[in-house]
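Here is a short report on one protein model. Look over the sequence and the structure, then read on.

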Amino acid sequence: MNKVISWIKKVKLHQIFTVFLAGVLVFFTQACSPSKAAQPTQSPKGNAEVYVPKGDNVINPYEGGMNNFSDRDPRAKSDAKARGEYLKENAAQNQAGKSTNNPLEAIRRVGSDAGNLGKNVQQKAEDVGNKTQNTAEDFARSTKQGVENIKDNAQDAGDYAKDVTKHTVRDTLRD
């Protein structure tokens with residue numbers, strides 16, 4: 001309560017009067033000034049005609065529902081059914097290419113795939129090794145940074161506790 005009273009005593013009457021006059025000035029210059037709203041302009045032809053496509057030119061036919069039209073873009077070339085048929089045919093061709101009635105052909109294919117398998121396994125093992133090393137380095141770096149942060153915080157804690165104690169004692173003695 002003492003702080004509020006001392007603040008009121010510090011504020012001078014001419015400061016309050018200046019702020020009041022500034023507020024009144026802003027109010028009257030904004031609220032009482034004439035409006036200069038833009039008037040709509042008309043085109044020289046008046047309202048332009050709107051072209052509504054009919055017959056074969058209709059892009060999106062009426063279907064009913066919430067928006068009265070389909071959510072699918074009618075100009076899109078891909079249709080879900082056509083895409084599904086293509087995927088089925090492609091899968092059948094891939095399967096037919098991998099299957100054979102000739103045992104020698106099957107053995108040759110397995111042998112050629114085995115060479116690729118060894119290369120793929122070796123490359124994946126190298127990738128895993130690199131990722132593991134990078135992860136270990138990141139973990140070590142983060143741990144080091146965390147330890148430094150804890151050390152800095154522990155050193156600052158003593159100074160902070162001392163400052164808080166000083167402020168508490170000083171505030172207690174004032175009251």
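## Helices first

Helices (H or I, at least four residues) and strands (E, at least two) are DSSP runs, numbered from the N terminus. By that rule, the protein has 4 helices and 0 strands. Read along the sequence, the pattern is α-α-α-α.

This is a predicted model: local features need pLDDT of at least 70, side-chain atom pairs count only at pLDDT 80 or more, and totals for chains, interfaces and linings use all residues. Residues are numbered from 1 along each chain as its sequence is written, and side-chain values use heavy atoms, with hydrogens and water left out.

## Surface and burial

How much of the protein is buried? Buried means under 20% relative accessible area, exposed means over 50%, and partly exposed lies in between (1.4 Å probe, protein chains only). Buried residues make up 0% of the 175 residues.

The accessible surface comes to about 17000 Å². Carbon and sulfur atoms account for 59% of that surface. Accessible areas come from the Shrake-Rupley method with a 1.4 Å probe; for residues, only the protein chains shown count as cover.

## Two salt bridges

Side chains of opposite charge can pair when their charged atoms come close. A salt bridge is a side-chain nitrogen of Lys or Arg within 4 Å of a carboxyl oxygen of Asp or Glu. A search of the whole structure finds 2 of them.

One joins glutamate 85 to lysine 88. Their closest N and O atoms are 4.0 Å apart. Where do these two residues sit? Both are in helix H3 (residues 80-98). They are 3 residues apart there, so about one helical turn separates them. Glutamate 85 is partly exposed, at 42% relative accessible area. Lysine 88 is exposed, at 57%.

Another joins arginine 141 to aspartate 138, with the closest N and O atoms 2.9 Å apart. Both residues lie in helix H4 (residues 103-174). Again the spacing is 3 residues, about one turn of the helix. Arginine 141 is exposed, with a relative accessible area of 54%. Aspartate 138 is partly exposed, with 36%.

## Surface patches

Patches are made of residues with over 30% relative accessible area and no salt bridge: like charges are joined within 9 Å, nonpolar side chains (Val, Leu, Ile, Met, Phe, Trp, Tyr) within 5 Å. Val4, Trp7 and Ile8 make a nonpolar patch of about 350 Å². Isoleucine 8 lies in helix H1 (residues 2-10). Its relative accessible area is 52%, so isoleucine 8 is exposed.

Which residues gather in a patch of negative charge? They are Glu148, Asp152, Asp156, Asp159 and Asp163. Lys and Arg count as positive and Asp and Glu as negative; His and the chain ends are not counted. The place of a charge is taken as NZ of Lys, CZ of Arg, CG of Asp or CD of Glu. Aspartate 152 is found in helix H4. Aspartate 152 is partly exposed, at 39% relative accessible area.

## An aromatic pair

Rings of Phe, Tyr and Trp (its six-membered ring) pair if their centres lie within 6.5 Å; planes under 30 degrees apart count as stacked, over 60 as edge-to-face and the rest as tilted. The structure holds 1 aromatic pair. Phenylalanine 27 and phenylalanine 28 form this edge-to-face pair, 5.2 Å centre to centre with 75 degrees between the planes. Phenylalanine 27 is exposed, at 51% relative accessibility. Phenylalanine 28 is partly exposed, at 48%.
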